[in-house]
Protein chains: 4
Amino acid sequence: MELNGVPIDDTFAEGFGTWIARIIVTGVTEEYAYNAAVEATGFATSAIGCPCEAGIEGFVSGEETPDGRPGVAILICGGKKKLKEQVLERIAECILTAPTAAAFDGLPEAEERHDIKMHFFGDKFEEKVEVGGRQCWKIPIMEGDYIGEEVYGMVKGVAGGNFFVMGENQMAALMGAQAAADAIATVPNTITSFPGGIVASGSKVGSLNYKFPIPATTNEKYCPSLKDKVPDSKIPDGVSAVYEIVINGLTEDDVKEAMAVGIEAAVMVPGVKFISAGNFDGNLGTFQFNLYDVLKE
Amino acid sequence: MELNGVPIDDTFAEGFGTWIARIIVTGVTEEYAYNAAVEATGFATSAIGCPCEAGIEGFVSGEETPDGRPGVAILICGGKKKLKEQVLERIAECILTAPTAAAFDGLPEAEERHDIKMHFFGDKFEEKVEVGGRQCWKIPIMEGDYIGEEVYGMVKGVAGGNFFVMGENQMAALMGAQAAADAIATVPNTITSFPGGIVASGSKVGSLNYKFPIPATTNEKYCPSLKDKVPDSKIPDGVSAVYEIVINGLTEDDVKEAMAVGIEAAVMVPGVKFISAGNFDGNLGTFQFNLYDVLKE
Amino acid sequence: MELNGVPIDDTFAEGFGTWIARIIVTGVTEEYAYNAAVEATGFATSAIGCPCEAGIEGFVSGEETPDGRPGVAILICGGKKKLKEQVLERIAECILTAPTAAAFDGLPEAEERHDIKMHFFGDKFEEKVEVGGRQCWKIPIMEGDYIGEEVYGMVKGVAGGNFFVMGENQMAALMGAQAAADAIATVPNTITSFPGGIVASGSKVGSLNYKFPIPATTNEKYCPSLKDKVPDSKIPDGVSAVYEIVINGLTEDDVKEAMAVGIEAAVMVPGVKFISAGNFDGNLGTFQFNLYDVLKE
Amino acid sequence: MELNGVPIDDTFAEGFGTWIARIIVTGVTEEYAYNAAVEATGFATSAIGCPCEAGIEGFVSGEETPDGRPGVAILICGGKKKLKEQVLERIAECILTAPTAAAFDGLPEAEERHDIKMHFFGDKFEEKVEVGGRQCWKIPIMEGDYIGEEVYGMVKGVAGGNFFVMGENQMAALMGAQAAADAIATVPNTITSFPGGIVASGSKVGSLNYKFPIPATTNEKYCPSLKDKVPDSKIPDGVSAVYEIVINGLTEDDVKEAMAVGIEAAVMVPGVKFISAGNFDGNLGTFQFNLYDVLKE
C-alpha cells in the first residue's frame, strides 16, 4: 500500500489498556487556560519514568465548558491508583495555582468516579455552588474565588497507539512527524504525550548487553546509525532517521482516527520515505491497530 | 515608598535554601529546544505537591552552548536526593525522547556533581565523544544519535523569593503580574515555577478549622473575598485581587534582581494598587529580601 | 437585556458592503502556512489608511485543502479594483516568497473571478498542473517548485460589523475584548482585521475643531477621558475604557454569528460593565445588526 | 573555507542603500506590544511589490523604553519620500489602533527627522506631555489616552544583505534557514523582512523569455528543478533546495554581524550542504559583503 507515493508497512501498532481522566481546564482567556494545561500535563511523556502520561487534547469553546469560559481539554492516563493521585496533584498544584484557571470533569458520563476532595484547601471558608449544572466548590484564594469541580470520571481507554515516520534524512523525518503531530492535535479524545507530540528515542524492554537490570534500553533495530551493525535492523534502505508518534485515546476508534489523520499528514512532507508501526508481535498489548485497516476506514 | 505612584509595602520576602541544577537543553532550532524544555519543567510548581520545582530560565544562543546549537536553560530545584532523581528522570523522559534535543550541564564550575549514568540506555552501543570541550556520550536512537552530557553540577541556591501584585480588580492585578513575569523571564539564573510564572492561590502551613492533618490550606489573610470575614486581613482597601510572583535563583543577588525588575514592571500597569511580599515573620527561611533594599539597588 | 449580568445596549452595529477574496494558504506544516498568512494580512486594519482590510479566518485541515497540506484561510477585503491589485500583490510578495507556502482559491463557487496571472513570474519555465481538481501553475523557484492557483473568486460581503466592550477599567475591558477576539477566531468566514483583533481608537468622519480637511479624527463621544468635557458622551457611568471589535464576513449571518459569539465571551470577563455597538444612525451603511436580534438567534 | 564541514562559497552579498526609521512600540505587556508590531510590519517583504520593507528587530525591556513599558523595536525601510508616508500610515493604522500600544522614536540621535503630525487625530482634544524626556502627545481615544511621539529619526542604512542556505533536500534547507532566521532575530539593528525571515523564491530583474515588460521573474540559475535545463546553473551537485536570508540593517557592521550569526547557525543543521550569497557582479549595489570577511571577523 502507498499513500502519496510513500510505502505503508503491512504491520500493526500494539496498544495497551490504561485508565484515563479527562479534565476541562478553563480560564479568563484561551491563553490562561492553556498555560495551566501545559503545566498540568508536563513531565508526563511515558509511564516508564514519569508519574503518568498526559497531554493536551485541544481547545474547547466557551459554549461547551461548564462555566462558559474558554477551555482546554487534557487527558491524564495511568494505572487506576496512580491516576487518582495524579489527578489530585496536577489539579491542586497546576490548576488551582494558575491565574484564573478552573478544572471541570470532562467525563461526566463515566461510571468510575474519583473525589479528590480539594475543597479542604479552603479551610472551611469554602462553600458549595452550582455552575452550569455541575456541583462545584467555591474556594477563597488570593486572586478571588476558585470555582471548580472535585469529582472526576475515569474510563478504561487505550495507550500506545503509534506509527513511525521514516525519512531520507533527519529534517525530512522531523517535519513529517511535526505535520502528523499538528494534524492529530485536532482529533478529539486523543493526546500525544511526548514533547511536542514526537518521540525521538524508542526503547525495548530490558537490555541485551548489560548484565544488571535496566527497565528499558534503546531499540537498536530501529536505530539508523546501527543499521549495518545489528542483525535484523528494521531500517529500510534509503532511510536515515525515524520518529515515532505515540497516541493515547479514550476509545479504539479515537486512536484509529488519530493514526489515520497523522499518517495522511506525514506522507505529504517531501523526504518522508516509509511509514511503519511498533508492536511486540502481539504478545504484550490488548489492542492491535493494523495500518491498512486504519487507513481504509 | 512609591513606584510610579504605587505604594510599596515596608516588608520583606522570606526565602529558603534549595539545591539547584541548571541544564542547557539544545535543539536543531529554538522551537525544538523549547518544546523539550517545556516538557522537562512541567508539573513542577511547588515542592509541596510536585516532585520538584522547575522552570525555564531563558534562551541561550548557539554561541554559548556546548554543541553550538540554539538552547534553553532550565533550573530544577529540590532537596539533594530528590533533585538527583528528578534530574535523571526529566532528562531521560523529556529530553532524550524529544526530537533533536540534547542536555548539557549548565553549572560546569559547581563542586557538587551528580552522574545520572544515562548512557546505559545505549545498551553498549553508545560511545564517548567530546563536544565543545565537554565529555559526552553518543547514544544511538531512532532519530540518529543523541549526544549529551551525563554529569551535572548542583549548587545551593534560593527558593521562594516573592512579591505580591495587588490590583483594584482581578484583570488589573493579572496584567500587572503578567508584566512582572515577562520581565523576570529575561533575568539570568532565575525562574518562576508556577504556571505562566504567576501564583493565584497562596497557602499557609496547616489548617485553622479542619481537625485532621492537611499540609497546606488557603492563606485566608490574603483572600480578598474574606477581607471582612477574617481578623487581620492583609488586603488593603481598594484591592480586590492578589497575585504572587515566586522566584527561585542561583544566588541571593539573582533573586533580588528578578524581584526588582518584576516589581518595576508590575507598577506600570494601570489598576495595580499595592506591592507587598510574603514572609513567616522571619521564623522559617534563611533569606530575607526587603522590598526597599531590593528596589534601591 | 442582560447577559451574565452585563447590560446590553438597545442599539445596532452599522455595516457596509465590501468585496472579499478568500485565499487558502497551505504549507508543509501549520507553522509555515501561518507565517505566510500573517505577512499577507499585515498592514491591513482599516481601508482608511491601509491598502485593504485583511485578516486570518482560521486553520484549515489538510483534509479540506486542495493540496492536502495544512492551511490557513485568509480574507482580503476592499473595493473591487483595489482588491484585485491587493490579491495579486499579497500573494506574489507574501505567499510566493514564503517557505513552502502556496495559495489556492477559497471561493471556488464565486461567479466574479480575477486572474492574477502570477505564472509570468516563471519566465516560461512554468507549466500547468492539476492539484486536487484545481488548475494550477508549477513555477520553478529556489526552494523547488511553487504550485498554486492564480484565478481567485470574489464575493460581495460585509465590512464593519462591530460591538463595544466597556469595562470598569482598562485591563478589564482589554481582557473582555481579548476573550471576544479569541472566540471570534473560531467562526468560519469572518475576520477581525485590527491588531490582535481589537480596536483601541475609534474614529469619526472628519473633524470638529480643525479647519483644514482631515479624513478621520477621534470619536470624542466614546473617549472616557473626555466624558465630562464633551456633550453627549456615550460613556456610561462606571466605565473607564472601551474597546471595539470590528468584524468583516462573507455574509450577514457570518457576521451575526461572530458578534454573538464575541459578546457572549466578553461578558464572562470580570469587570466588563456594558456592551454597545457603533452606527451612524443608519445613514451610511447597508447593514444593521441589532444586538438583541444577534444575541437571540 | 568550511564551517562545521559545510563549504562556504568564495563570493559576496551585494547590498543597497536605503532610508530606515526605527520605531519602539510599547504595550502593557510584551504580547500587546508584539501584536501591534506584527501588524505594523506586515505586507512589507520587498520594495518590488510592497509599499516598504519592514520587520521586527527584537524585544526591548521596560528599562530601555521611554515610557518604561515592555517594547518591540521595528525597522521600516524605503526611499525617503515613501518611508515618510509609510511611517505615518503604519503608526496611525497599526499602532494607534492597537490595544495599549504606543510608538516612540528609536533613532533619537538621527539628524534627518520627520514629523508625522498624528496629533491632529485628537481633534484639538490632545495635549503635549513629556514622557521619559521625550516630547509626546496625549490623544484621547476609546481605551483611554494614547501617549506617544510624532517626530521620527531616519538614517541611511543597508538593504539586501543576504546569504543562501542550500540543502540536500527541501526540509534540511528549510530548517537551516530557520535556524539562521532565529539567530539573526537576536542581532540588534537588523531585520529580515520576508515571511518568518526566509525567502523561498529569488528573482532576477526583468525577463528572458517573455517579450512584454515584467519587473522581476524567477532567478532560473538558482532553481534546483531547472539545474539540467538552463546553462550556468548555480546549483551545486547534491543540492536540491535553496533558501535566501535577506537582511536590512542600520549599518554595514550590523548587517555583517547578522550574516555571520545566521551562517554559523545554518551550518549546524544536518543536511545543509552549501552556503553562498547573491550579487549582481558588483554592478548594482553600494555594498559588498564578502562571506569570508564576514565570517572571519
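Me: How many residues of chain B are in contact with chain A?

Reply: In this predicted model, two residues count as being in contact when their C-beta atoms lie within 7 Å. By that criterion, 64 residues of chain B touch 64 residues of chain A.

Me: Which elements of chain B give two or more residues to the side that touches chain A?

Reply: One may read such a surface by its secondary structure. The contributing helices and strands of chain B are α1 (30-40), α2 (80-94), β9 (134-141), β10 (144-148), α3 (170-184), β14 (216-218) and β15 (241-249). The largest share, five residues, comes from α2(B).

Me: What classes of residue make up the side of chain B that touches chain A?

Reply: This side of chain B has 35 nonpolar, 19 polar and 10 charged residues.

Me: Which rotation superposes chain B on chain A?

Reply: To relate two copies, one looks for the rotation and the shift that bring one onto the other. Here a rotation of 180° with 0.0 Å of shift along its axis superposes chain B on chain A, with an RMSD of 0.0 Å. The two copies are therefore related as by a two-fold rotation axis. In chain B, the C-alpha nearest that axis belongs to B:Gly42, at 1.8 Å from it. The same surface serves both copies, since 100% of the contact residues of chain B recur in chain A.

Me: How many residues of chain C are in contact with chain A?

Reply: The count is 18 residues of chain C against 18 residues of chain A. On the side of chain C that touches chain A, the elements giving two or more residues are α3 (170-184) and α4 (252-266) of chain C. The largest share, five residues, comes from α3(C). The residues on this side of chain C divide into eight nonpolar, six polar and four charged.

Me: What rotation superposes chain C on chain A, and why do these copies meet through the same surface?

Reply: Chain C is superposed on chain A by a rotation of 180° with 0.0 Å of shift along its axis, and the RMSD is 0.0 Å. Because 100% of the interface residues of chain C are also interface residues in chain A, the copies meet through the same surface.

Me: Which domains does the domain assignment give for chain A?

Reply: A domain may be built from separate stretches of sequence, as the assignment of chain A shows: domain 1 is 2-14 + 158-296, and domain 2 is 19-155. Taken over C-alpha atoms, the centres of these two domains of chain A are 30 Å apart. In chain A, 15 residues of domain 1 are in contact with 13 residues of domain 2. The domain 1 side of that contact has nine nonpolar, six polar and no charged residues.

Me: Which residues have the most contacts inside the largest nonpolar core?

Reply: The largest nonpolar core has 424 residues, and those with the most contacts inside it are A:Val25, B:Val25, C:Val25 and D:Val25. Leaving aside neighbours within four places in sequence, the contacts of A:Val25 include A:Ala33, A:Ala36, A:Ala37 and A:Ala40. Among its other contacts are A:Val72, A:Ile74 and A:Ile95.

Me: How far does helix α4 of chain A reach from its first C-alpha to its last?

Reply: Helix α4 (residues 252-266) of chain A has 15 residues and reaches 21 Å, close to the 21 Å expected at 1.5 Å a residue. Since 13 of the 15 residues of α4(A) are buried, this helix is largely enclosed by the rest of the structure. Likewise, α4(C) is mostly covered, with 13 of its 15 residues buried.

Me: Is B:Gly262 buried or exposed?

Reply: A residue is called buried if 20 or more other C-beta atoms lie within 10 Å of its own. B:Gly262 is buried because 31 other C-beta atoms lie within 10 Å. B:Gly262 is placed in helix α4 of chain B. Beyond its neighbours within four places in sequence, B:Gly262 is in contact with B:Phe163, B:Ala180, B:Ala183, B:Ile184 and B:Ile245.

Me: Where is D:Val199 found?

Reply: D:Val199 is in the loop between β12 (190-191) and β13 (203-205) of chain D. D:Val199 counts as buried because it has 28 C-beta neighbours inside 10 Å. D:Val199 and D:Val246 are 47 residues apart in sequence and 7.4 Å apart in space, C-alpha to C-alpha. Neighbours within four places in sequence aside, the contacts of D:Val199 include C:Thr97, D:Tyr243 and D:Val246.

Technical notes. Residues are numbered from 1 along each chain as its sequence is written. Chains are lettered from A and ligands numbered from 1 in the order in which they are written. This is a predicted model: local features need pLDDT of at least 70, side-chain atom pairs count only at pLDDT 80 or more; totals for chains, interfaces and linings use all residues. Helices (H or I, at least four residues) and strands (E, at least two) are DSSP runs, numbered from the N terminus. Ala, Val, Leu, Ile, Met, Phe, Trp, Tyr, Cys and Pro count as nonpolar, Asp, Glu, Lys and Arg as charged, and the others, Gly among them, as polar. Copies are superposed by least squares on the C-alpha atoms of residues with pLDDT of at least 70 in both. Domain bounds come from an automatic or database domain assignment. A nonpolar core is a set of buried Ala, Val, Leu, Ile, Met, Phe, Trp, Tyr and Cys residues joined through C-beta atoms within 7 Å. A residue is buried if 20 or more other C-beta atoms lie within 10 Å of its own, exposed if 12 or fewer, and partly exposed in between; C-beta atoms are placed from the backbone. The expected span of a helix is 1.5 Å times one less than its number of residues.
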